[in-house]
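I opened this notebook to record what I looked up in the model.

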Amino acid sequence: MTASSLDAVVVGAGPNGLAAAVTLARAGRSVRVYEATATVGGGIRTQELTLPGFRHDPCATIVPLALASPFFRGVDLTTRGVEFIHPDAPFAQPLDGGRVAILERSLAATAEGLGAVDGKEWTRLFSPLVEGGDSLGDELLRPVMHLPRHPILLAQFGIPGLRSIAGLARNRFRGAPARALFAGAGAHAMLSLDRPLSASFGLALAAFGHTVGWPMVRGGTQAIADALAGELIALGGEIVTDHAVRSLADLPPARTTLFDVTPRQLLAIGGDALPASVRSRAARFRYGPGVFKVDWALDGPVPWAAEGAGRAATLHLGGTLEEVAASEATVAAGGHPERPFVLFVQYASWDATRAPAGKATAWAYCHVPAGSTVDMTDRIEAQVERFAPGFRDRILARSTHSPAEMEASDANYIGGDINGGLQDIRQLIFRPWPTLDPYRVSAGIYLCSSSTPPGGGVHGMSGMLAARSALRHELR
């Protein structure tokens, strides 16, 4: 394939960039992907960050949206070596005193664990969403403003989703376990829990826990990237690694170019070649909080105090709704909580390839202000120790990543923001900015990153939808 014959160039080989390229190649278009680093993957890579034999995912590792995504439902990942592993329970929220709230795959089992009153409310809230099955992902993993195929289902989600996480939890649930369980799911939004529309994140992630689970990938999420790359090459596409794109001059001629980057990077690459209106909008795009991440090599499984906490791969460590809300409010105000809300992932019981025999791999992160330089290691480990006494004694080695180091590992993580931009009410509805087509920047230039709908996560939908937009316009 010569440069002059290219229909499309894709900048960035993260899941969305690869999804865009695969979508275009399936449509018979010639595609070349340029990736700045030595390997494809972006937010889905796997590396030995601590000790030999301990396999870590630097960012995405639990991937419910991959199973909910219409794009990934059209990719035979299994044939290309991807094996999804489901933990015994999707996620859990330990509480003091050896208690734990657990979201089970079964709606009925989750309700039973939350008690008669809150169990009934949990069932009432989530039953319509769970019954919607794959249709829920079809509606949610696309721009908020769209013509719904399942309007009743979308209304059943959207009406409670308009509320804040804290407001909906307090209104619907009476006990600390149910409130905390919902707060932990919702706090993935990286917003203060009192923000309108933040409840939509908790509803979506908990519902997906019931419908598709919160799986991990055997051996690491790099397998997904490798599978997409293999699919693209089999379709005749090309991938060029170790090729940083700093300006449009670094790219060959093509009918259209899709960028798996954030608006700030697009502005730097496109410069004056972008329309003035686009440059103005890109400069106003807002980024969210960053993350501080710790990976551990452990001398055995995590010693959880709560019986049952070991059944989930994902644990939300923050205590009660009130504690999680206080932590996220502190971050939103530019501070660093003493007791941060910690997202923790463990693999020992389900994926033996992650660590040598008898050992374990785990990681966690907390939210911090964008660009923070505060070392949160002790505070994160204190929260783990709070719910797993003796955890520190099992640490063999650790690897820490500040927001700046997160951005250095992936240029899309501006200030440590792993979601590609703030997901408040304005940038949730109008992402990346108000426009009829959120992917088409200008003639021949498209944005296909998590800065476009539906936002962060391993779903590939931003890439697929951007590619479809290009096929409707330049590549008809």
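I took two strands as paired if DSSP finds at least two bridges between them; strands (E, at least two residues) and helices (H or I, at least four) are DSSP runs numbered from the N terminus. The model is predicted, so local features need pLDDT of at least 70 and side-chain atom pairs pLDDT 80 or more, whereas totals for chains, interfaces and linings use all residues. Residues are numbered from 1 along each chain as its sequence is written, and side-chain values use heavy atoms, without hydrogens and water.

Entry 1, the sheet. I found an open sheet of 6 strands with mixed pairing, in the order β7-β2-β1-β8-β15-β14. Serine 442 stands opposite isoleucine 445 in β15.

I read 12 residues (15-26) and a reach of 16 Å from first C-alpha to last, close to the 16 Å expected at 1.5 Å a residue (1.5 Å times one less than the number of residues). Of these 12 residues, 11 are buried (under 20% relative accessible area, 1.4 Å probe, protein chains only). Among them are Pro15, Leu18 and Val22. Glycine 28 follows α1 with a positive phi, near 85°.

Key. Buried < 20%, exposed > 50% of the residue type's maximum accessible area, 1.4 Å probe, protein only.
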